Amino acid sequence: MSDSKDEKKTFGSNIDQEEKRVGVFVCECGVNIGGVVNTKAVADYIGTLPGVKVTSVNKFTCSDSGQADIQAKIKEHNLNRVVVAACSPKTHEPTFRACIEEMGLNQYFLEFVNIRDHCSWIHMWEKEKATEKAKDLVRMGVERSKLLEPLQASEVPVIDKALVIGAGVAGMQSALDLADMGFQVYLVEKEPSIGGRMARFDKVFPTNDCSICILGPKMVEVARNKNIKIMSYSEVKAVEGYVGNFNVKIEHKPRYLDVAKCTGCAKCSEVCPVEVPYDFNEGFGTRKAIFVPFPQAVPLRALIDMENCISCKACAKACASGAINYDMQTSYTDLNVGVIIGAVGFKTYDPEPRHDFGYGLYDNVITAMEFERLLNAAGPTGGHVVRPSDCKEPIRVGFVNCVGSRDKNTNIYCSGVCCMVTIKNAQLLKEKRPETDQTIMYIDIRTPFRGYEESYNRSRNLGVKFLRGRPVEVKEDPVTKNIKVRIEDTLAGEMRNLEFDLMVLATGIVPNEGIGQIQQLLKLSKAADGLLMEAHPKLKPVDTTIDGVFLAGCASGPKDIPYAVSQGSACAGRATILLKNKKAITEGITAVVNPDVCVGCEVCIPMCPFQAIKFDEKEKKANVVKALCKGCGTCVAACPTGALEQSHFKNDQLLAQVKNVFKFQEVAA
Amino acid sequence: MSSEVAAASAPAAAKTDGWEPKIVAFCCNWCSYGGADSAGMGRFQQPASTRIIRVMCSGRIDPLHVFNAFLEGADAVLVTGCHIGDCHYVNGNDKTKIKYKYLENVVHELGIEKERLQLNWISASEGEKFANFIRDVTAQIKKLGPSPLKPEGVA
């Protein structure tokens, strides 16, 4: 290689002067790499590079024998740098870091070169070119490896308290599990009562047990637990800090009454003259301007909806305990917690703006959530299913599946639960009123978990009709207000005209309103579907890319209740690792300031989205708080003097790679 | 590398059919590097033109790295990262975007064709997009021939 390579060595500072002894391990990955890249030719070529003491080709470098080979050669050749040319560092870097660390090498002395995903797999029919490319890639890695510096992952203390955002069934499960393990939990809920969506369901599939009957006791259990502090009607307004020590600001919206004095007797509601549509019943029926959210609410306390209050003060006169306080202000609480669990839930797709299947145009087209409230004994009709246009009990009921799901015009994903919701709703109606006639219009019926297929079969046996197809035309009869549907029966291969007294849309699961705010506050990523991203879809389903932040329930994708509850428990388990150990390990890769070069210009400070760079007013220098730094290196690229460097991605390390993309032809010859 | 050497244009003989350009692609660890991995997992075949350099965030990509790549002999340089709004580090890619605008101007003023420096946002799931991008850029560069900044004798 050329002598000009040495120029760059002076670029960085403190380059270790110790002789570099590099071992290069080329993996064949069975035939994944070996079938395309001539691994022996790569190893032979790399063996000629200065500093490379040994090269080795293994069938599977990640296997026990492959790792044993690395460890034996580290010992035999006294290696101080290891280059593994194999698959992707995103999956296997931790394996080999641990492997070399066992031999007493700093784990950051590993350089991982991707010659499978980025080479053999994408040049399957260009073996020679792939081999040449592999040589380049490994050469780049070897030259970079020589400049790698030892790093230490650092430890930060963890406050043994947890914040759970969202008190639906997933969040409540997390809170209960953590509390039962002895940790203090703050459970924040934006609604005036905990319980979430599940509190609004009538019955839950596949067993059709009463939703609030199984949820209610759990809500009470949460309220009784001494380790759980419920903060209802409250929202997270700011999050600062990092794993182990998050500073969180909670905003408490005013209820306009003293919850300590209120008994939830609802005498105030009786005298309140204002009636507004009842949101808990999906807008069916009315509630008063002062109201208890629902009979099983926890906390069972009233609140005043100030937007609709006319200040007649009748409630204050009626309240025996003198709880009403019209002057109540928004208040705030600052919390210090070690971990955060986001269980921010979902909402159902709103078919109103697009008037899907006539929703919003025709009275007798309603959503499954609305139907759920009509079925409910505590609902607006006392459990009698009636149609909105004339309050008559419908006989012919149509159910349309996949509304706002599996549709490129709305959401392409499957919401997973709606098939079962429809099947359950049809069953419940059939059981209540056997004379009714149900038709489920579906694309596919999906019943993957325990008891679901049995429930589907049960509904068929009950006489519920299943019609594969999607309505192409929905009209309202102007006189009868019946819904007329034109649909292709794709199994029979014919067009059919149907008439229903009531049509129910199974609307899918979509991101909750506040999800964008939570995403920003917790610095999480959003997936293409608008829901939050987990750290790994298979192996880290409740972790996020932010240490100490976990996700449960529908915030990270559509889920049924057992799945959401499992995730709630999973989050508690994952969080306990941190809470119990009382410490967290943070990544060794961070930005580092060279104070001799820093001129205190503060350009870097606004670059950091984590507020990790503080300005030392006394020294007039930038100062990186290691525990806050996530190691992105954005500040480094912005530093005009070169005082900032990103460890493991230092300029000289990256430039060594850039330079070694190329070779002089005489070397290649 | 002196600027005179860098300015010397590469021999025209290299501009043959069999010529494979050398493209340096900077990829962020979380999105575009994952996109390149996904391209591999999906076996989306690409020309063997590109050498990927991994950084944690596209915000780390310094104009210095890009200029060095051109001076060393890159026929094209690709700056890639997460889609705007999806940055693993909240908004590192917003800063990349701003920096890139200036970088683009400087590179063009140096007489480098606009095809030789490209920016693209590719998520970890967009393997096919990654492969298509590499195919497109490689075809464009093959038409242009070697970079005018490529030093003599460099492959």
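Predicted model: local features only at pLDDT ≥ 70, side-chain atom pairs only at ≥ 80, totals over all residues.
Residues are numbered from 1 along each chain as its sequence is written, chains are lettered from A and ligands numbered from 1 in the order in which they are written, and side-chain values use heavy atoms, with hydrogens and water left out.

Q: How many residues of chain B are in contact with chain A?
A: Contact here means heavy atoms within 4.5 Å. Chain A brings 53 residues to the meeting, and the number from chain B is 54.

Q: How many salt bridges are counted between chain A and chain B?
A: A salt bridge puts a side-chain nitrogen of Lys or Arg within 4 Å of a carboxyl oxygen of Asp or Glu. One such pair is B:E72 with A:K659, at 3.2 Å from N to O. The count between the two chains is 6.

Q: Which element gives the most to the side of chain A that touches chain B?
A: Helices (H or I, at least four residues) and strands (E, at least two) are DSSP runs, numbered from the N terminus. Several elements of chain A each supply at least two residues to that side, including α3 (89-101) and α5 (127-145). With 6 residues, the top giver is α17(A).

Q: What is the strand order of the open sheet in chain B?
A: Two strands pair if DSSP finds at least two bridges between them. The edge strands, pairing on one side only, are β2 (50-55) and β4 (117-121) of chain B. The 4 strands pair in parallel, in the order β2-β1-β3-β4.
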